[in-house]
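Colleague: I would like to learn how to read a protein model. Can you walk me through one, feature by feature?

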Amino acid sequence: SVLTGHENNVCILGISESECVTGSSGFEADGRVLCSRIKWWNRKQIDKWEVVFTGEEHAAGIRSICLALSEVVTCSNDGSIKFWEKCGSETSRKTEKLSEEYLYCVACIDKNEGDLAACGESGEIWVLS
């Protein structure tokens, strides 16, 4: 299967047996980054995937995705992490601005409890519960 639908490069993905979440870096136009999106796909058949929703809240390229038990967490060059509920809402349920620098990675420490860590360009590591 080939999943299509992003307007530009897909730089990260989180995948499980039944779902896939992709994130794009966006592109620059008129001094702004546009189209930094996540796309949430559900598997319908072995080789058939369907987009459940598209989220466009990050203001810069999305760098990392963590698939937790009940949500997806993304981080971005805009210095924020966003928490997206798996129910298919097209808006994040929570945003945390961690830095003025780029964030490069978010990782789930405990998928059941929601603990995670994020790191970025500043050399700092944030551990969040």
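Colleague: Where do we start? What does the radius of gyration say about the chain?

Modeller: Compare the value with what a compact globule would have. With 129 residues, such a globule would have a radius of gyration near 14 Å, and the chain has 14 Å, so the two agree. Keep in mind that this is a predicted model. The C-alpha trace spans about 40 × 40 × 20 Å along its principal axes.

Colleague: How many helices and strands does the chain have?

Modeller: Count each kind of element. Here there are zero helices and 13 strands. Read along the sequence, the pattern is β-β-β-β-β-β-β-β-β-β-β-β-β.

Colleague: What share of the residues is buried?

Modeller: Buried means under 20% relative accessible area. Of the 129 residues in the chain, 43% are buried.

Colleague: Now the charges. How many salt bridges are found in the whole structure?

Modeller: Look for a side-chain nitrogen of Lys or Arg within 4 Å of a carboxyl oxygen of Asp or Glu. The search finds four salt bridges. One of them joins glutamate 56 to arginine 37, with the closest N and O atoms 3.1 Å apart. This pair links distant parts of the chain, 19 residues apart. Glutamate 56 sits in the loop between strands S6 and S7, and arginine 37 in the loop between strands S4 and S5.

Colleague: Is arginine 37 buried or exposed?

Modeller: Arginine 37 counts as buried because its relative accessibility is 12%.

Colleague: Which residue does glutamate 57 form a salt bridge with?

Modeller: Glutamate 57 pairs with lysine 82, and the closest N and O atoms are 3.8 Å apart. Again the pair links distant parts of the chain: glutamate 57 lies in the loop between S6 and S7, lysine 82 in strand S9, 25 residues apart. Lysine 82 is buried, with a relative accessible area of 7%. Glutamate 57 is partly exposed at 30%.

Colleague: And lysine 44, which residue does it bridge to?

Modeller: Lysine 44 bridges to glutamate 50, at 3.4 Å between the closest N and O atoms. Glutamate 50 is partly exposed, since its relative accessibility is 40%.

Colleague: Which residues gather in a patch of negative charge on the surface?

Modeller: Patch members have over 30% relative accessible area and no salt bridge. Here Glu100, Glu101, Glu121 and Glu124 form the negative patch. Take glutamate 121: its place is in the loop between strands S12 and S13. With 44% relative accessibility, glutamate 121 counts as partly exposed.

Definitions and conventions
Residues numbered from 1 in each chain as written. Predicted model: local features only at pLDDT ≥ 70, side-chain atom pairs only at ≥ 80, totals over all residues. Heavy atoms only, no water. Patch = residues over 30% accessible without salt bridge, like charges linked within 9 Å, V, L, I, M, F, W, Y side chains within 5 Å. Areas by Shrake-Rupley, 256 points an atom, 1.4 Å probe, with all protein chains shown as cover. Lys, Arg positive; Asp, Glu negative; His and termini not counted. Charge placed at Lys NZ, Arg CZ, Asp CG, Glu CD. Helix = DSSP H or I, 4+ residues; strand = E, 2+ residues; numbered from the N terminus. Buried < 20%, exposed > 50% of the residue type's maximum accessible area, 1.4 Å probe, protein only. Rg over C-alpha atoms; globule rule 2.2 N^0.38 Å.
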